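Please examine the structure shown below.

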Amino acid sequence: MGFNCGIVGLPNVGKSTLFNALTATASAEAANFPFCTIEPNTGRVGVPDNRLQQISDISGSQRLVPTQLEFVDIAGLVRGASKGEGLGNQFLANIREVDAIVHVLRCFDDENITHVEGSIDPIRDAETVETELMLADLESLEKRVTPLSKKARGGDREATQTLTMVERVLDCLQEGQPARKVDVSDDDMKIFSGLQLLTSKPVLYACNVREDDAANGNALTEKVIAMAKQQGAESVVVSAQIEEEVASLDNEQEKLEFLEALGLSETGLTRVIHAGYRLLDLITFFTSGPKESRAWTVKNGATAPEAAGVIHTDFERGFIRAETISMDDFIKYNGEAGAKEAGKMRQEGKTYVVKDGDIMLFRFNV
């Protein structure tokens, strides 16, 4: 599995341009007017990971398959969206389906590109969108209180637990804080997740800048970075313009040379993915052999059977053991045979917690 991120923001901040560049498609129309994205566009990209090429070379694999990241381009939100302004609640519903939010903030001035608020202020823009999401969550939860209360009075245990959680989140929202600020125990996480709250999603702020500011940012991006740190969120500086140009180049060497000329060592896509992995606490494990080497993504803390289930549910259901080699040992001993001969292939059972970079072979019986 990979993860999916909904790209949100006010109109004309560069969302669709960034989406087109990141997915190297032209499926989302980028135009200088609000609401040019009428339906959410979805694009998948391979997650860049140099380790996969190393593993593939050692194994002599016929092909390599990166794990996938999905981006969903969601139309621009405006003040009053929670009450149906602009294109309204239709798009709030799309946000409920994603794992994380990439919030694109305009950190550049351009008199040829209008701003819906009439001026450039990324902090205000972030607060505008966050407020609309919080208002939508408030409305959603307030509607649930009465029916849950009736069931709770009737002795329904699940309704009582859900009502308690709803009241806690309502208190948080009414204090002007997003739902992700609520301290939720592992035992209560299933109930909390079931509420499908917009402001429960982790947030990555993408500061869209001019080409000249892509390497070092500017005064506006510094404000966003400070805000993100205060919130415990992630932030990256990207230039949708540069990403669009990089996507149009034919080969990797041209892309590297273009980036180096701008003082950049990697694309904005790579920075977004790395930030997203940190945000969602994800790790990568690998499978490798002569036919293919493949990368897989799991949550940090996943057990070996859970990792096996990402490949196929039968692998998890009939899990016996995982033959595991660390990335370092796989490289040091030149692959599976060398690692096994050196005693570095481990037999791991159902309680083993997968580590980032593990090369795994699952034994199962269904």
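Of the 366 residues in the chain, 49% are buried, where buried means under 20% relative accessible area, with a 1.4 Å probe and protein chains only. This is a predicted model, in which local features need pLDDT of at least 70 and side-chain atom pairs count only at pLDDT 80 or more, while totals for chains, interfaces and linings use all residues. Residues are numbered from 1 along each chain as its sequence is written, and side-chain values use heavy atoms, with hydrogens and water left out.

The chain contains 14 helices and twelve strands; these are DSSP runs, with helices (H or I) of at least four residues and strands (E) of at least two, numbered from the N terminus.

Strand β1 covers residues 3-8 and includes Asn4. This residue, Asn4, is buried, because its relative accessible area is 13%. Beyond its neighbours within four places in sequence, Asn4 is in contact with Glu70, Glu97, Val98, Asp99 and Ala100, contact meaning heavy atoms within 4.5 Å.

Helix α4 (residues 122-153) packs against helix α7 (residues 219-231) at an angle of about 40°, and their axes lie 9 Å apart. Axes are lines fitted to C-alpha atoms, for helices over the stretch in contact, and angles run from 0 to 180 degrees between N-to-C directions. The angle makes α4 oblique to α7, since angles under 35 degrees count as roughly parallel, over 145 as roughly antiparallel, 65 to 115 as roughly perpendicular and the rest as oblique. Pro122, Ile123 and Ala126 in α4 meet Leu220, Lys223, Val224 and Met227 in α7.

Methods:
Buried means under 20% relative accessible area, exposed over 50%, partly exposed in between (1.4 Å probe, protein chains only).
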